[in-house]
Amino acid sequence: MKNKREMAQKILEKMGGMENISNVFHCMTRLRFNLKDIGLVNLEDVKQIEGVVGVQICSGEIQVIIGPAVESVYNEVIDITGLAKTSQIDEDLDNLNQKEKWSIKKICNDILNVFSACITPLIPLFVVIGIFNMIAVLIGPQFLKLVSEESDIYKNFYYVSQAILYFLPIMIAYTASKHFKCNTLITLALAAFMLYPALTEIIKEGTSFTIFGLPMPLVDYSNSLIPMMLIPWVQSYLERFLNRYIPDVIKVIFVPCGTILIMLPISLCLLGPIGNYIGVFLGQFIAWLYSVAGPLETAFVGALCVFSIVFGFTKPIFFICVTTLMSTGVEYTFLPIAMVIGNWVMLGALAGYIFTEKSVDKKQFGITCFVSLFLGGVSEPGVFGVFLNNKNSLIATAIAGAVSGLYIGIMNVGYYVFGPSSFLNVMGFIGGPSTNFLHGCIGAGIAFVCALVIMLILQKKNKKVY
């Protein structure tokens with residue numbers, strides 16, 4: 001559909017109208033709607049809109065998959081709804097969403113929404129970390145040995161990636177404060193105090209320290225993500241309480257000072273340690289699972305690489321593994337598959353689909369999906385436009401993912417840096433032993449070839465397109 005405005009209008013209509021929309025944003029391929037009444041949406045009707053590749057409900061969101069043109073459609077949606085003209089949604093309208101009954105499913109969805117809202121805006125920074133760190137490794141003594149670690153050019157690239165990592169908790173505090181609608185500067189001040197060099201030195205030395213008389217657990221927050229999400233959550237309730245009961249004439253003094261005064265012990269003596277222990281526990285659990293199952297775990301993850309995208313259960317695992325990567329510098333259990341191998345599995349299956357598909361239109365669509373994934377790392381058009389409509393491709397990706405995942409596990413391949421999401425994603429394996437990158441590339445090659453061959457065999461045996 002060339003008229004993006006007409007497409008946006010039709011999507012809004014199927015969402016139950018503008019009055020049913022709490023918020024709308026977008027990623028690389030999808031429009032993401034937070035709705036007051038999700039029951040007003042008929043997914044099949046949305047799928048019938050020309051230009052829509054697919055639609056799904058994930059983590060409480062309606063996600064309309066459009067592809068590379070999503071930003072143009074998003075701009076039209078914003079122009080029609082006027083949502084971008086205000087910094088936040090009308091509280092009275094937004095609170096209608098809270099009438100949903102509490103349940104385990106709702107709690108899990110709420111947690112995932114918080115992670116998504118806090119992490120998603122930072123994805124460009126993860127890319128910067130990966131690219132700059134990758135360049136530093138490539139030109140440095142670990143790889144090509146073009147410059148030494150003492151050279152300015154090496155430090156230029158290395159320091160950028162390390163600076164972002166060091167201050168990542170403050171950036172998480174910023175995005176979390178926006179999500180919970182609390183005072184961003186107060187949240188940043190709390191995060192800055194937790195990373196203050198003098199306090200960090202006390203923690204490293206193991207010296208006892210108190211916050212207004214309360215003993216402070218000696219926790220290093222330089223790589224912590226979860227604590228910086230918990231703090232603005234509690235802060236938002238405290239600020240509403242203080243704003244309600246403190247007279248207007250003295251709010252400018254007592255609300256910010258009172259917030260800091262109360263939140264400091266809560267943050268450093270309660271929320272910070274709890275959040276840190278949660279992250280450590282989850283990371284240790286995944287590491288334990290890998291130590292017990294080893295290659296079987298990575299084979300299982302590889303077999304589910306496409307299904308995990310469809311059902312959206314990669315988010316919590318991804319966030320946990322990112323925490324592990326940030327704290328240890330390497331991740332073995334999930335990111336090698338999710339960030340690299342899974343893409344090559346899908347590329348191989350798409351190549352087999354293109355070679356065997358007789359329909360010109362479907363072949364051209366397959367080529368579009370292949371190019372989008374190969375050059376841009378965008379998998380959704382292929383997943384929802386090809387794989388879900390072709391049983392052979394699902395079988396091929398499951399088998400190829402399991403085989404390549406098994407190889408990655410046997411060779412103990414680790415993921416070290418966030419590389420490009422394109423065909424250069426294998427750069428994520430640069431780091432650690434020199435053989436890590438080699439085995440990572442071999443694993444990607446196995447994924448592609450295996451998926452391609454299985455797809456060709458299955459399509460040849462069964463010409464029926466599902």
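This is a predicted model: local features need pLDDT of at least 70, side-chain atom pairs count only at pLDDT 80 or more; totals for chains, interfaces and linings use all residues.
Residues are numbered from 1 along each chain as its sequence is written, and side-chain values use heavy atoms, with hydrogens and water left out. Helices (H or I, at least four residues) and strands (E, at least two) are DSSP runs, numbered from the N terminus.

Back to our two residues. Are they buried or exposed? Buried means under 20% relative accessible area, exposed over 50%, and partly exposed in between, using a 1.4 Å probe and protein chains only. Phenylalanine 241 is partly exposed because its relative accessibility is 47%, and tyrosine 245, at 55%, counts as exposed.

Now a second pair of rings. Rings of Phe, Tyr and Trp (its six-membered ring) pair if their centres lie within 6.5 Å; planes under 30 degrees apart are stacked, over 60 edge-to-face, and the rest tilted. Tryptophan 344 and phenylalanine 448 have ring centres 6.2 Å apart and planes at 80°, so this pair is edge-to-face. It links distant parts of the chain: tryptophan 344 belongs to helix 16 (residues 335-356) and phenylalanine 448 to helix 20 (residues 434-461), 104 residues apart. Tryptophan 344 is buried because its relative accessible area is 15%, while phenylalanine 448 is partly exposed at 22%. Both belong to one aromatic cluster, together with Phe370, Phe374 and Phe423.

Next, please find serine 267 in helix 12 (residues 248-293). With a relative accessibility of 1%, serine 267 counts as buried. Which residues does serine 267 contact, leaving aside its neighbours within four places in sequence? Counting heavy atoms within 4.5 Å as contact, they are Leu190, Met194, Tyr221, Ile231, Gly272 and Pro273.

Last stop, the sheet. Two strands pair if DSSP finds at least two bridges between them. Here, four strands form an open sheet in the order 1-2-4-3, with antiparallel pairing. Strand 1 (21-26) and strand 3 (54-58) are the edge strands, each pairing on one side only. Five antiparallel bridges join strand 1 and strand 2 (residues 30-35), and phenylalanine 25 stands opposite arginine 32 in strand 2.
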